[in-house]
Amino acid sequence: NLFKDLDRINFSKIFNDPNIAKLFPSKKLSAKYSKDEFSFNCSFKHGKSIRSDVCNYRPNILNTDTIKDEDIVCNCHLYSDYIDKSVGHVITGNVNVVSNNKLRNLFKKGYNYIESTFKTKSEIIKSINKDISNYIRKISDQFSVNVRYFDEWRDIVVNKFSDIVNSFKLSNKRSLSVTKSEEYDLNILKNHFIMTGVDKAGNNISFICKKYYMDNIHAELERTDTYEICDSTEEDIVKEHIRFCKRFGIEIEDRILPFIHLIPKFMNPLLIFDILLQA
């Protein structure tokens, strides 16, 4: 996969090569740093996991503003082998409920798994070039050094990486992720189930009948005095929170309301949910 391809490049060795490192414009930095010996260490940022593509418990994914309760139907008869007899609906962590082989194998890896897709050599080189340019801008801003002083160093480094990337054979040929190539079957699952996590098993995926899940959400909202019906819009509520907090000098960063979210507790002899409020 792409990560294995990048592992074949010794980034630190190239950056710290004396013939390349001497081109780094350290003498253009302020007197405090101009005589420092710069040693480069590389770190990698992975892409997003499959969680955001698979799990559909968030209100913006559920489209709770446009879908009426009566439009949410139970499809458990299509998955009779996985119905929990204690509730009469599908609620399971068994990925065999998924008929699509590619999706089932993907779900077995857990929703923190990061899919690797094929990138061309030019895309890899472009990404490396972009990251080096971002690093230069960061150093330039931090030490007030004109970016043009880095041109020679950057060109040598990029050319070195380009030669290496162009010299090896890429190991992965899959252009689409499984969540994209199998999107049709994935959307069917999302129509039938809420896919979310599992209590005490954070990487596992559970499949819950969508109607049963929504019925439990409604039951939780109705049986406690913690919540009450409100005619205000979400935007108005957020604005009121902001005005209230400003009176006490509190700045609000996340300007969205939390939402209620259920995850099953399979460890409990009785099938119950852990009720979470999440922003």
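This is a predicted model: local features need pLDDT of at least 70, side-chain atom pairs count only at pLDDT 80 or more; totals for chains, interfaces and linings use all residues.
Student: In what order do the strands of the open sheet lie?

Tutor: Helices (H or I, at least four residues) and strands (E, at least two) are DSSP runs numbered from the N terminus, and two strands pair if DSSP finds at least two bridges between them. Here the open sheet of 4 strands has the order E1-E2-E4-E3, with antiparallel pairing; its edge strands, E1 (83-84) and E3 (193-198), each pair on one side only. E1 is joined to E2 (residues 89-92) by 2 bridges, and Ile83 stands opposite Val90 in E2.

Student: Which residues of the largest nonpolar core touch the most other members?

Tutor: In soluble globular proteins, nonpolar side chains tend to be buried together. A nonpolar core is a set of buried Ala, Val, Leu, Ile, Met, Phe, Trp, Tyr and Cys residues joined through side-chain atoms within 4.5 Å, where buried means under 20% relative accessible area, exposed over 50%, and partly exposed in between (1.4 Å probe, protein chains only). Of the 34 residues in the largest core, those touching the most other members are Phe107, Phe193, Met195, Phe207 and Tyr213. Apart from this core lies another, of 25 residues, among them Ile20, Ile124, Val145 and Leu170.

Student: Where is Glu182 found, and is Glu182 buried or exposed?

Tutor: Glu182 is found in the loop between H9 and H10, and Glu182 counts as buried because its relative accessible area is 15%. Contact means heavy atoms within 4.5 Å; leaving aside residues up to four places away in sequence, Glu182 touches Asn100, Lys102 and Leu103.

Student: Which helix gives the most to the lining of the second largest pocket?

Tutor: On a 1 Å grid over the protein atoms alone, a pocket is an open set of points where a 1.4 Å probe fits, with protein on both sides within 12 Å along at least five of seven lines, and lining residues have an atom within 4 Å of a point. The second largest pocket is lined by 40 residues, of which Leu6, Phe44, Lys45, Ser127 and Asp131 lie nearest its centre, and H7 gives the most to this lining, with 12 residues.

How values were computed:
Residues are numbered from 1 along each chain as its sequence is written. Side-chain values use heavy atoms; hydrogens and water are left out.
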